Amino acid sequence: MAEGLFLDFTTSEITTILAKAKTLLTEGKTMMSYGVGGRNATKQFTLPVDQILRECRYALKRKDPATYGYASTRTYAKFR
């Protein structure tokens with residue numbers, strides 16, 4: 001379940017993270033390289049890629065529900 005870890009990021013930053021996570025997922029990688037201000041770094045995800053995708057989707061829905069859809073909450077009942 002998403003916790004809202006990316007809610008402090010802008011929509012543009014979230015979509016960049018989402019695109020990079022999708023690329024890594026399709027390539028089967030868990031390392032991400034990025035550059036900021038002329039410096040490059042390689043970082044291993046502290047979150048699994050599937051969790052990053054869920055967090056991105058949740059944050060985008062909270063920030064711009066008209067574009068990305070409304071965040072849904074589901075209740076599951078388990079009867080014995």
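Biologist: What pLDDT does the chain average?

Modeller: The average is 76, and 69% of the residues score at least 70. Where pLDDT is low, the predicted coordinates should not be read in detail.

Biologist: What makes a stretch of the chain a helix or a strand?

Modeller: Both are DSSP runs, numbered from the N terminus: helices are H or I with at least four residues, strands are E with at least two. The chain holds three helices and two strands, in the sequence pattern α-β-β-α-α.

Biologist: How do you know that the span of H2 is close to the expected one?

Modeller: The expected span of a helix is 1.5 Å times one less than its number of residues. Helix H2 (residues 49-63) has 15 residues and reaches 21 Å from first to last C-alpha, close to the expected 21 Å. H1, with 17 residues, reaches 24 Å, close to the 24 Å expected for H1.

Biologist: Why is Asp50 called partly exposed, and why is Asp8 called exposed?

Modeller: The classes rest on relative accessible area: buried is under 20%, exposed is over 50%, and partly exposed lies in between (1.4 Å probe, protein chains only). Asp50, in helix H2, has 41% relative accessibility and therefore counts as partly exposed. Asp8, in the segment before H1, has 78% and therefore counts as exposed. Buried residues make up 21% of the 80 residues in the chain.

Biologist: Which residues of H1 are buried, and why are they said to line one face of the helix?

Modeller: In H1, the buried residues are Ile14, Ile17, Leu18, Ala21 and Leu24. Seen down the axis of H1, they fall within an arc of 130° (taken from the directions from the helix axis to the C-beta atoms), so they line one face. The face turned away from the buried side carries the exposed residues Ser12, Thr16 and Thr26.

Biologist: What makes a set of residues a nonpolar core, and which residues make up the largest one?

Modeller: A nonpolar core is a set of buried Ala, Val, Leu, Ile, Met, Phe, Trp, Tyr and Cys residues joined through side-chain atoms within 4.5 Å. The largest has eleven residues: Phe6, Ile14, Ile17, Leu18, Ala21, Val49, Ile52, Leu53, Cys56, Ala59 and Leu60. H1 and H2 are the elements that give two or more residues to this core, and H2 supplies the largest share, six residues.

Biologist: Which residues does Cys56 touch?

Modeller: Contact means heavy atoms within 4.5 Å. Leaving aside residues up to four places away in sequence, Cys56 touches Phe6, Ile14, Ile17 and Leu18. The buried residues of H2 pack against helix H1 (11-27) and H3.

Terms used: Residues numbered from 1 in each chain as written. Heavy atoms only, no water. pLDDT = per-residue confidence, 0-100.
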